[in-house]
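Thank you all for coming. I would like to walk you slowly through one structure, so please have the picture open while I talk.

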Amino acid sequence: MNGNIVESLENKTILVTGSTGFLGKVFVEKLLRAQPNLRHLYLLLRAPDQESAVERLHTEVTSKELFRVLKAKYGAKFNTFISEKVTAIAGDIALENFGLEKDSDLLNKLFKEVDIVANFAAMTKFIERYDVALKINTKGAKNVLDFAKKCVKLEMLVHVSTAYVCGESSGIISEKPLKMGATLNQTSEVLDIEVELKLMQNRLEELKALQVSKSEETEAMENFGLERAKTFGWPNTYVFSKSMGEMLIGKYGGNIPVAIVRPTIITSTYKEPFPGWSEGVRTIDAFLVAGAKGKLPCFLGNAESILDVVPGDMVANAVIVAMVVNANHQSSDPLVYQVCSSQTSPLSSVRLRDYAHSYLLKNPLIGKDGKPVNVVMPICIPTMDSFRKYIFVKYMLPLKVLQLVNVVLCQYFKKTCQVMNRKINRVMQLVEVHEPYIFFKGKFDDLNTERMRMAVKANGTDEANTFYCDPKCLDWDDYFVNIHIPGLVKYVMR
């Protein structure tokens, strides 16, 4: 790295995918705020045409509350600043060259100008249609790599993955690239990505031939993705498809400079552009929202369960540092950086319950009736077995009794039974999807990331303060009670 990070970013042209997602937005905002003298940002947005892409840039990126600090800085000139520095491109990483016309002026311009490619694009639902997950998380990663290889000035491809490509591994999980075809269990079936793509396509064609409804097709493709993931030892389609994306980058990256950043559970911003900003209900927030609404009678977790969480602005800073510190490095394998907290700042899942209860007692939500929502301390259930027993005794047994009464009374309670059954199934699915992370037994090593942080600190305190990404500075008590939960209420629950 020549000079400091801010100086290194000057006059750089960066292409970003996935900028409408939470982390992608935080990354874009930080780049524009930290180095206004970037040459240009190209944001690839899924859209049918250029006009629609520009509209998405405005409605889903720059108009968001996240950009209020930049808007305050530039005032009436904010839109001019954005138009000079940012260009929306209608494209799709599921397609070769993002679907841009071959030999077009735009595509050739990108190949000539882009210095850095930052891939944030992903389908992040744990249970996703297998065709959708493979197209974006797996083939999409390869398409971004192929694009980057054609950029004549390329200094770095940074690919944002997830630390949970490790599946449900235990012990210390190192920062190593995934090898093509490696599985997480002892299955006799060989993991071949081309075979997976064919299996996906065959299954899709079978469903089309059967002329099933769209909802039935979606459910079948979601179940198929889950089945294939579990065949090879991954708990869900998301982490399985992201793992295969990493494998393709490692296999076909050649000697181009590649860094893979693997964050753990991403939460709201810690400090910048202001504390507590978030978007959408993700991962642990589903439980916090349920608690805030008085709909969380129990909490799954125990004192030994560690939640590995890291604020979104720290992850964005780590991505920026990774792409600058390693610019133009030559290596046959991608560099891997795990952005995590379980080693240095472990957070017990039970503490999360306590933080939520403490905050909501003092700051209850107001219900539709205009009265404060009654918040109770959820019962702590330490294992999945005990959770299933709890659900059976408290909800399933009453439902079975009601179903019997319903038969006797000629379906008088039919609708009530259906609603109760749907709610129970929804809760069970939510918990089962999150079980691998609630009771995760591994701890993520971040030695490479620590070396990177030390390189930043060597440039001085200002540099380290600007691109802070060290979870050791976090005080979880303060973060959750004074930043994350209030931010969730303000920006997500509104």
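This is a predicted model: local features need pLDDT of at least 70, side-chain atom pairs count only at pLDDT 80 or more; totals for chains, interfaces and linings use all residues.

Residues are numbered from 1 along each chain as its sequence is written, and side-chain values use heavy atoms, with hydrogens and water left out.

Let me stay with helix 13 for a moment. Its buried residues include Leu 352, Tyr 355 and Leu 360, where buried means under 20% relative accessible area, exposed means over 50%, and partly exposed is in between, using a 1.4 Å probe and protein chains only. The buried residues of this helix pack against several elements, among them helix 11 (285-292), strand 14 (379-381) and helix 18 (476-493), and a contact here means heavy atoms within 4.5 Å.

Next, please find Val 258, which lies in strand 7 (residues 258-263). Val 258 counts as buried, because its relative accessibility is 3%. Leaving aside residues up to four places away in sequence, Val 258 touches Met 156, Leu 157, Ile 249, His 329, Pro 334 and Leu 335. The C-alpha atoms of Val 258 and Leu 145 are separated by 9.1 Å, although these residues are 113 residues apart along the chain.

Now to the aromatic rings. Rings of Phe, Tyr and Trp (its six-membered ring) pair if their centres lie within 6.5 Å, with planes under 30 degrees apart counted as stacked, over 60 as edge-to-face and the rest as tilted. By this rule the count comes to 24 aromatic pairs. One of them joins Phe 27 and Phe 120, a tilted pair at 4.7 Å centre to centre with 45° between the planes. Phe 27 lies in helix 2 (residues 22-34) and Phe 120 in the loop between strand 4 (116-119) and helix 7 (130-149), so the pair ties together parts that are 93 residues apart in sequence. Phe 27 counts as buried at 0% relative accessibility, and Phe 120 counts as buried at 9%. Elsewhere, Phe 126, Tyr 164, Tyr 238, Tyr 437, Phe 440 and Phe 444 form one aromatic cluster.

What about charges? Side chains of opposite charge can pair when their charged atoms come close. A salt bridge is a side-chain nitrogen of Lys or Arg within 4 Å of a carboxyl oxygen of Asp or Glu, and the structure holds 29 salt bridges. In one of them, Arg 33 pairs with Glu 29, and the closest N and O atoms are 2.8 Å apart. Both residues lie in helix 2, four residues apart, about one turn of the helix. Another joins Glu 189 and Arg 228, with the closest N and O atoms 2.6 Å apart. This second pair links distant parts of the chain, with Glu 189 in the loop between strand 6 (171-173) and helix 8, and Arg 228 in helix 9, 39 residues apart. Glu 189 counts as partly exposed at 34% relative accessibility, whereas Arg 228 is buried, with a relative accessible area of 6%.

Finally, a look at the backbone. Most residues other than glycine have a negative phi, and most peptide bonds are trans. The peptide bond from Glu 272 to Pro 273, however, is cis, with omega near -5°, and Pro 273 lies in the loop between strand 8 (265-267) and helix 11. Gln 211 has a positive phi of about 55° although it is not a glycine, and this residue sits in the loop between helix 8 (193-210) and helix 9 (214-231). With a relative accessibility of 71%, Gln 211 counts as exposed.

Notes
Helices (H or I, at least four residues) and strands (E, at least two) are DSSP runs, numbered from the N terminus.
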